[in-house]
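Colleague: I'd like to learn how to read a structure feature by feature. Can we just start with one residue and build up from there?

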Amino acid sequence: MNHRELARLTWPEAGDLAADGAALALPLGSTEQHGPHLPLSTDADLAHELCRRLAAARRDVVVAPPLAYGASGEHEGFVGTLSIGQEALEATLVELCRSASRSFPGVVIVSTHGGNAEPLRRAERRLTAESGRILAWTPSWSGDAHAGRTETSIQLALDPDSVRLERAEAGDRRPIRELMPELRASSVRAVSANGVLGDPEGASAVEGIALIEAMFDELASAFAAWRAGWRATLPGAGAEASR
């Protein structure tokens with residue numbers, strides 16, 4: 001299965017895909033604690049998987065190397081968390097997309113870390129104002145907030161060997177809406193000593209697969225609608241480039 005990973009292409013190969021109208025999909029995650037049982041790469045792993053699925057389903061997508069550093073200041077205090085902050089993330093996204101837009105006719109940023117939301121929105125606004133074709137997309141789910149059943153199920157589906165189920169334990173189980181004022185005023189560490197916001201009990205790969213498939217369906221629909229809005233301006237626009 002050809003996922004069209006940019007890092008594995010030569011520049012002429014990338015050039016051929018760009019000339020055919022391929023958009024660049026940028027996986028945006030984080031390197032941050034996900035409790036005592038999930039890897040620091042959890043968010044980046046999901047973003048990369050969603051982008052690879054998009055490229056596998058469509059002929060007009062190339063996947064960029066994941067950007068695995070985000071705005072994760074709320075998780076500082078846990079060893080291994082590496083955060084570049086909101087200002088630096090916004091600037092990085094703007095410069096990366098400006099550079100990518102010199103080669104590719106559009107860029108979709110797939111972000112799977114909630115702390116990236118504000119700088120991502122600001123970057124999207126700046127780039128759009130510069131006439132860039134940018135789609136900033138984040139998945140939605142109704143599960144627990146962080147390193148609980150939802151994310152544990154997803155990681156079990158993506159990379160079961162990376163999950164230390166024997167170390168899984170509940171953290172603060174309160175709904176995120178109740179936790180948010182305290183989180184904004186302090187940090188995750190202040191409300192959960194183990195970094196978990198939720199409870200991983202009951203997590204399964206089967207549940208994770210269903211969650212990933214639902215997210216992918218949402219991403220594919222958003223991408224198709226966005227792509228349809230600018231396909232007519234590309235060379236050879238009469239040809240259907242998808243699926």
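Colleague: Is Ser131 buried or exposed?

Modeller: The cut-offs come first: buried means under 20% relative accessible area, exposed means over 50%, and partly exposed is in between (1.4 Å probe, protein chains only). Ser131 comes out at 66%, so it counts as exposed. You'll find Ser131 in the loop between α4 and β4 (134-137). Helices here are DSSP runs of H or I with at least four residues, strands are runs of E with at least two, and the numbering goes from the N terminus.

Before we go on, this is a predicted model, where local features need pLDDT of at least 70 and side-chain atom pairs count only at pLDDT 80 or more, while totals for chains, interfaces and linings use all residues. Residues are numbered from 1 along each chain as its sequence is written, and side-chain values use heavy atoms, with hydrogens and water left out.

Colleague: Got it. What about the phi of Ser131?

Modeller: Here's the general idea: most residues other than glycine have a negative phi. Ser131 isn't a glycine, yet its phi is positive, about 70°. Ala147 also isn't a glycine, and its phi is positive too, about 65°.

Colleague: And where is Ala147 found?

Modeller: Ala147 sits in the loop between β4 and α5. Its relative accessibility is 0%, so Ala147 counts as buried.

Colleague: How many of the 10 residues of helix α5 are buried?

Modeller: Seven of them, so α5 (residues 149-158) is largely enclosed by the rest of the structure. The buried ones are Thr150, Glu151, Thr152, Ser153, Ile154, Gln155 and Leu156. Their cover includes α2 (42-57) and α8 (205-228).

Colleague: Let's look at α2, then. What does Asp43 touch?

Modeller: Contact means heavy atoms within 4.5 Å. Asp43, which lies in helix α2, touches Gly29, Ser30, Glu32, His34, Thr112, His113 and Glu151, if you don't count residues up to four places away in sequence.

Colleague: Which side chain of opposite charge is nearest to Asp43?

Modeller: For charges, Lys and Arg count as positive and Asp and Glu as negative, while His and the chain ends are not counted. For Asp43 the nearest opposite charge is Arg164, 14 Å away. Asp43 is buried yet has no salt bridge.

Colleague: How many salt bridges does a search of the whole structure find?

Modeller: It finds 12. The general idea is that side chains of opposite charge can pair when their charged atoms come close. The cut-off for a salt bridge is a side-chain nitrogen of Lys or Arg within 4 Å of a carboxyl oxygen of Asp or Glu.

Take Asp60 and Arg227, whose closest N and O atoms are 3.2 Å apart. This pair links distant parts of the chain, with Asp60 in the loop between α2 and β2 (61-63) and Arg227 in helix α8, 167 residues apart. Both Asp60 and Arg227 are buried.

Another salt bridge joins Arg122 and Glu90, with the closest N and O atoms 2.8 Å apart. Arg122 is in helix α4 (residues 117-129) and Glu90 in helix α3 (residues 85-101), so to speak two distant parts of the chain, 32 residues apart.

Colleague: Is Glu90 buried or exposed?

Modeller: Glu90 counts as buried, at 12% relative accessibility. Arg122 is partly exposed, at 25%. Leaving aside neighbours within four places in sequence, Glu90 is in contact with Pro119, Arg122, Ala123 and Arg126.

Colleague: Which side chain does Asp172 meet in a salt bridge?

Modeller: That of Arg174, at 2.8 Å, N to O. Asp172 is buried, with 11% relative accessible area, whereas Arg174 is partly exposed, with 35%. Elsewhere, salt bridges that share partners join Glu49, Arg52 and Arg53 into one network.

Colleague: Last one: which residues form a nonpolar patch on the surface?

Modeller: Patch residues have over 30% relative accessible area and no salt bridge; like charges are joined within 9 Å, and nonpolar side chains (Val, Leu, Ile, Met, Phe, Trp, Tyr) within 5 Å. Here Tyr69, Leu82 and Ile84 form one, with about 260 Å² of accessible area together. Such areas come from the Shrake-Rupley method with a 1.4 Å probe, and for residues only the protein chains shown count as cover. Ile84, in the loop between β2 and α3, is partly exposed at 34%.
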